[in-house]
Amino acid sequence: MQKNLYIVDDHRMLLKGVKDYLEENTDWRVPKTCVSIEECLNALEEAAAKDELPQIAIVDVQLLNESGISLAQKISQNYPSVRCVMYSMYDTVGWITQAQAAGIWGYISKVASEEELVLCIESVFKGEKYFDQKTQHSLKRIEKISPLLTKQEKKILERLLQKKSNEEIANELFISLHTVENYVSHIYDKLCVKNRSELESIF
């Protein structure tokens, strides 16, 4: 079986670097690279019509003015045979849990070695989820506290751990700043912390 994957990243040099490395050092082929959500979805639609979908899509968390997590969610919903791996400089637990909810199979930092990237891809290809040790520790911590929080509190916690301001959270979730502040206060109380610094330290 030919092993194919797509790469979606708005940094063209990195895009080319990852493509060249994989094709020169592994048995993976990269028939398509994309710089935007629209370009990727169009490519997948064309590939699906020809029964040529890739097994994996490597997606950057933050594309230019777009969310790679949003793209991963669309791929998971519309093309379930394509397994998404997030590849990003944003490796904090807030980004990882949000990506996990979008249906990703793996999450790896851009500072990871080429060998670890290949290990991640191969694990996902075999049907195994892949998160590095640091990520696994943070995810276990999230799982432990998850029952304490409401659905909305979990969404806000994710964004707090992404270092977003209360104003940014309010705009993203379409709620008032005052409402966000109330939720943040409740989260602090439930997790027995006094501020963001203490919150981040427990993960």
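These legends describe close-up views of a predicted model.

**View 1. Helix 2 packs against helix 3.**
Helix 2 covers residues 37-49, and helix 3 covers residues 68-78. Their axes lie 10 Å apart and meet at an angle of about 15 degrees. That angle makes helix 2 roughly parallel to helix 3, because angles under 35 degrees count as roughly parallel. The crossing of the two helices is right-handed. Look for I37, C40, L41 and L44 on the helix 2 side. They meet L71, K74 and I75 of helix 3. The residues of this contact divide into 6 nonpolar, no polar and 1 charged.

**View 2. Helix 7 packs against helix 9.**
Helix 7 spans residues 151-161, and helix 9 spans residues 177-191. Here the packing angle is about 90 degrees, with the axes 10 Å apart. Helix 7 and helix 9 are therefore roughly perpendicular to each other. From helix 7, the contact includes Q152, E153, I156, L157 and L160. From helix 9 come Y183, V184, H186, I187 and K190. By type, the residues of this contact divide into 6 nonpolar, 2 polar and 2 charged.

**View 3. W28 and F125 form an aromatic pair.**
The count for the model comes to 1 aromatic pair. Two values describe any such pair: the distance of the ring centres and the angle of the planes. For W28 and F125, the centres are 5.3 Å apart and the planes are 85 degrees apart. The pair is edge-to-face, because planes over 60 degrees apart count as edge-to-face. The two residues come from distant parts of the chain, 97 residues apart. W28 belongs to strand 2 (residues 28-34), while F125 belongs to helix 5 (residues 114-125). Is W28 buried or exposed? W28 is buried, with a relative accessible area of 0%. F125 is partly exposed, at 27% relative accessibility.

**View 4. Q162 sits in the loop between helix 7 and helix 8.**
Helix 8 covers residues 166-173. Q162 counts as buried, because its relative accessibility is 8% and the cut-off for buried is under 20%. Which residues does Q162 touch, not counting those up to four places away in sequence? They are T92, G94, W95 and Q98.

**View 5. K163 has a positive phi.**
K163 is found in the loop between helix 7 and helix 8. Its phi is near 65 degrees, a positive value in a residue other than glycine. K163 is exposed, with a relative accessible area of 54%.

N65 is found in the loop between strand 4 (62-63) and strand 5 (66-67). How exposed is N65, and what is its relative accessible area? N65 is exposed, with a value of 75%.

**View 6. N195 lies in the loop between helix 9 and helix 10.**
Helix 10 covers residues 196-201. N195 is partly exposed, with a relative accessible area of 33%. N195 and K129 are 66 residues apart along the chain. Their C-alpha atoms are separated by 33 Å.

Notes: Residues are numbered from 1 along each chain as its sequence is written. This is a predicted model: local features need pLDDT of at least 70, side-chain atom pairs count only at pLDDT 80 or more; totals for chains, interfaces and linings use all residues. Side-chain values use heavy atoms; hydrogens and water are left out. Axes are lines fitted to C-alpha atoms, for helices over the stretch in contact, and angles run from 0 to 180 degrees between N-to-C directions. Helices (H or I, at least four residues) and strands (E, at least two) are DSSP runs, numbered from the N terminus. Angles under 35 degrees count as roughly parallel, over 145 as roughly antiparallel, 65 to 115 as roughly perpendicular and the rest as oblique. A crossing is left-handed if the near helix is turned anticlockwise from the far one by less than a right angle, and right-handed if clockwise. Contact means heavy atoms within 4.5 Å. Ala, Val, Leu, Ile, Met, Phe, Trp, Tyr, Cys and Pro count as nonpolar, Asp, Glu, Lys and Arg as charged, and the others, Gly among them, as polar. Rings of Phe, Tyr and Trp (its six-membered ring) pair if their centres lie within 6.5 Å; planes under 30 degrees apart count as stacked, over 60 as edge-to-face and the rest as tilted. Buried means under 20% relative accessible area, exposed over 50%, partly exposed in between (1.4 Å probe, protein chains only).
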